[in-house]
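Subject: Structure handover

Hi,

Here is the structure we talked about. Please load it first, then read the notes below.

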Amino acid sequence: MEAEFGFRPLSVEEARTLLAAASRAAAAAYVPYSSFPVGAAALTSDGAVITGCNIENASYGLTVCAERVAIWSAVAAGHRELRAVAVTAPKATGTTPCGACRQVLHEFAPIEGELVVVLEGPEGPEQVALADLLPRSFGPRDLRAVAEIRLHIP
Ligand SMILES: [Zn+2]
């Protein structure tokens, strides 16, 4: 595990609240092709909760996952660091973010500490570190080694 600064889970109540927000967001999913709604809720490091749902397109490759809709909405609203993201798929308990979303999550992971991914476990919220879902990841810090890149660090 890459958890240099340690894994700091949400409280059970916080995790439940975030998962409930993700669940509500799933109701807005636009999924005429897959009929597989997904909801996501991002908790920013400054305490905002921003949700997203998956949005499909007749040109299938343009479909966007719920997690990325939530993350991009958070970034568009001025947030640059995520504390946690909850994901839920009403038709498949325990669904985890796809590989593309794991990479996008990594971009906005906390500078110190782990990004917490909240999943729907069989007995309530299950919390895992993003580093466990995306081991030996490539990210902003790697590029920083070769150039002065303007990261999300203020
Ligand atoms: Zn995804």
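A helix here is a DSSP run of H or I with at least four residues, and helices are numbered from the N terminus. By that rule, C101 sits in helix α3, residues 99-107. Note that the model is predicted.

**First annotated site**

An unreviewed UniProt entry marks C65, C98 and C101 as "binding site". These residues span 37 positions in sequence, yet no pair of their C-alpha atoms is more than 8.4 Å apart, so they gather at one spot.

C65 is in a loop, between β2 (49-53) and α2 (66-76). Is C65 buried or exposed? The cut-off for buried is 20 or more other C-beta atoms within 10 Å. C65 has 20, so it counts as buried. Leaving out residues up to four places away in sequence, C65 touches V38, N54, C98 and C101.

C101 is buried too, with 25 other C-beta atoms within 10 Å.

**Second annotated site**

The unreviewed UniProt entry also gives "binding site" for N54, I55, E56, N57, A58, S59 and Y60.

E56 lies in the loop between β2 and α2. It is partly exposed, with 17 other C-beta atoms within 10 Å. Beyond four places in sequence, E56 touches Y30, V31, P32, Y33, S34 and T63.

A58 is also in the loop between β2 and α2. A58 is exposed: 8 other C-beta atoms lie within 10 Å.

Best wishes

Note on methods. Residues numbered from 1 in each chain as written. Predicted model: local features only at pLDDT ≥ 70, side-chain atom pairs only at ≥ 80, totals over all residues. UniProt positions renumbered as here; feature names shortened; annotations may be inferred. Helix = DSSP H or I, 4+ residues; strand = E, 2+ residues; numbered from the N terminus. Buried ≥ 20, exposed ≤ 12 C-beta atoms within 10 Å, placed from the backbone. Contact = placed C-beta atoms within 7 Å.
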